[in-house]
Amino acid sequence: MAFLPRKSGVLLHISSLPGPWGIGDIGPSARDFSAFLALSGQKLWQVLPLQETSPALGNSPYSSPSAFAGNPLFLSLEDLVSRGLLNRDEIAPSPLFSETRAEYGRAWEYKRKLLERAFGRFTPDEGYFFFLEEQKFWLNDYVLFSALKERFGGIPWNEWPEELKFRKVDSLLQARVALKEASEFRLFLQYFFSLQMKDLREACRQSGIELMGDLPIYVNYDSADVWSHREFFALDGDLLPREVAGVPPDYFSETGQLWGNPLYNWSALEADGFSWWMNRLKHSLGLFDLVRIDHFRGLLAYWAVPAGEETAEKGLWREVPSRNFFNSLQNSLPGASLVAENLGIITRDVTEAMTALGLPGMAVILFAFGGGMKDNPHIPHNFSRELVAYTGTHDNNTALGWFRSDAEEEERENLKNYLGRDLEESDVPDALIRLVLSSVADRAVIPLQDYLSLGAESRMNRPSTPSGNWEWRAGRGFFSPALSERMKHLAGIYGRD
């Protein structure tokens, strides 16, 4: 494995960026943040999945109606002004939105009207038609799915009329004609999402920032992907999942995590040369410099829970044709820049696959201070260079919140003993940040909340809780010269600038 120059970066989702329209976006505020990171001695910015979200699923970026479609909520109205599709005075009198929480529903209600206005002024150009052709492998089915879902009041696709549920050819053709304008509006949204992401990625490149994305291993049942490619999913004759995804009991939950996603029909995927997966990975790598594969171990074996179970406890492990899958990956996308999320129960076959593919894994220091520190893979003295090391991830409490309420007394004492000094709780975020930055791991990623020493009220997600997540936002005043100087100072001390 080729080692990389040491670098550090920040974990901050697009939705958490400041801005006047109720949620962060991929326009000027995102480009400004990449410049702030560069000024602060950082070289990496990690975001969560950027796919469209659903209010019915708590707006989780890991439960999307499409594995490909960008979230139109993240479109920048300012960039549409610069392209002549909106006027400055049309976006100026925005409603009063919260500066500390992402307001998905209100933001979309406001933005949609302006996006429809911009769509009405848009004249398709050569770039637009090239985009349609290049992305047709997912785009046409997605926009039809999305338009049909709106027509039927948001009900799941398996409750649609039988001819559409089972995708009868004549019915699909009729629907495409009837929903032509609604579908074209969605094509417009996805085209401009791709343009704005290109602008953001270029801004990151110019600032020397590596943009890191996140790819959920599973897709949502009520998605364009399952509706249009049901042959690649383990469904019964009525197109319902026989088993669903999750993980067995672990650190995050005593009863496991029951995600509920449909599982893949790996035999059908293999027979098709894994083309759907290769297209998905290629699409994601087209948006980012580096992509983290969430729950990587699911590409070797997966936890299958019988449909209808209330917890994930009664599942069992099933194998994936991983050797052929990884051969296809290496042939289709040689040198792909990927990171394997290898948290939880990790067996030797997972580690061997990561080594063979040259994929770095992860270490999370909040997991380091329970019993058995000597052999704990998350403790810095056991780190290797080919790691992405974190204080915590989107699923963890903040460092301060962890110390205050999640950590057992043993963990607090172990942390103090490891550092060789007593700690006030206000010292904890800085101490953990320094442990991560000083480690040998090539990449060190710190959630912005930890740099800001924020508590549990600012965590991003509480696993197994269906609502109230993904809403934290950074205020404009958070990106201060003092914070920038501190981040740059720490990056310099530990050789990451």
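This is a short talk about how one predicted protein chain is put together.

Okay, hi everyone. Before we start: this is a predicted model, so local features need pLDDT of at least 70 and side-chain atom pairs count only at pLDDT 80 or more, while totals for chains, interfaces and linings use all residues. Residues are numbered from 1 along each chain as its sequence is written, and side-chain values use heavy atoms, with hydrogens and water left out.

Let's begin with the whole chain. It has 19 helices and twelve strands; those are DSSP runs, helices being H or I with at least four residues and strands being E with at least two, numbered from the N terminus. A compact globule of 497 residues would have a radius of gyration near 23 Å, and the chain agrees, with 23 Å. That radius is taken over C-alpha atoms, and the globule rule is 2.2 Å times the number of residues to the power 0.38. Along the principal axes, the C-alpha atoms fill a box of roughly 70 × 55 × 40 Å. Of the 497 residues, 59% are buried, and buried means under 20% relative accessible area, exposed over 50%, partly exposed in between (1.4 Å probe, protein chains only).

Zooming in, S11 (387-390) and S12 (443-447) pair over three bridges, and Tyr390 stands opposite Val445 in S12. Touching, or contact, means heavy atoms within 4.5 Å.

The other sheet I want to show is open too, with four strands in the order S5-S4-S7-S8 and antiparallel pairing. Its edge strands are S5 (257-262) and S8 (316-319), and its twist averages 50 degrees from one strand to the next. S4 (243-247) and S5 are joined by three bridges, with Val244 partnered by Pro262.

Next, helix H14 (348-357). Val350, Ala353, Met354 and Leu357 are buried there. They cover an arc of only 100 degrees around the axis, which puts them on the same side of H14 (the arc is that of the directions from the helix axis to the C-beta atoms). On the other side, Arg348, Thr355 and Ala356 are exposed. The cover over the buried residues includes helix H13 (322-332) and strands S9 (338-340) and S10 (361-364). After H14 comes Gly358, with a positive phi near 70 degrees.

Last stop, the inside. The largest nonpolar core has 161 residues, a core being a set of buried Ala, Val, Leu, Ile, Met, Phe, Trp, Tyr and Cys residues joined through side-chain atoms within 4.5 Å. Helix H9 (180-206) gives the most to this core, eleven residues. Phe369 is among the residues with the most contacts inside the core; neighbours within four places aside, Phe369 contacts residues including Ile379, Trp402 and Leu432. That's my tour, thanks!

How values were computed: Two strands pair if DSSP finds at least two bridges between them. Axes are lines fitted to C-alpha atoms, for helices over the stretch in contact, and angles run from 0 to 180 degrees between N-to-C directions.
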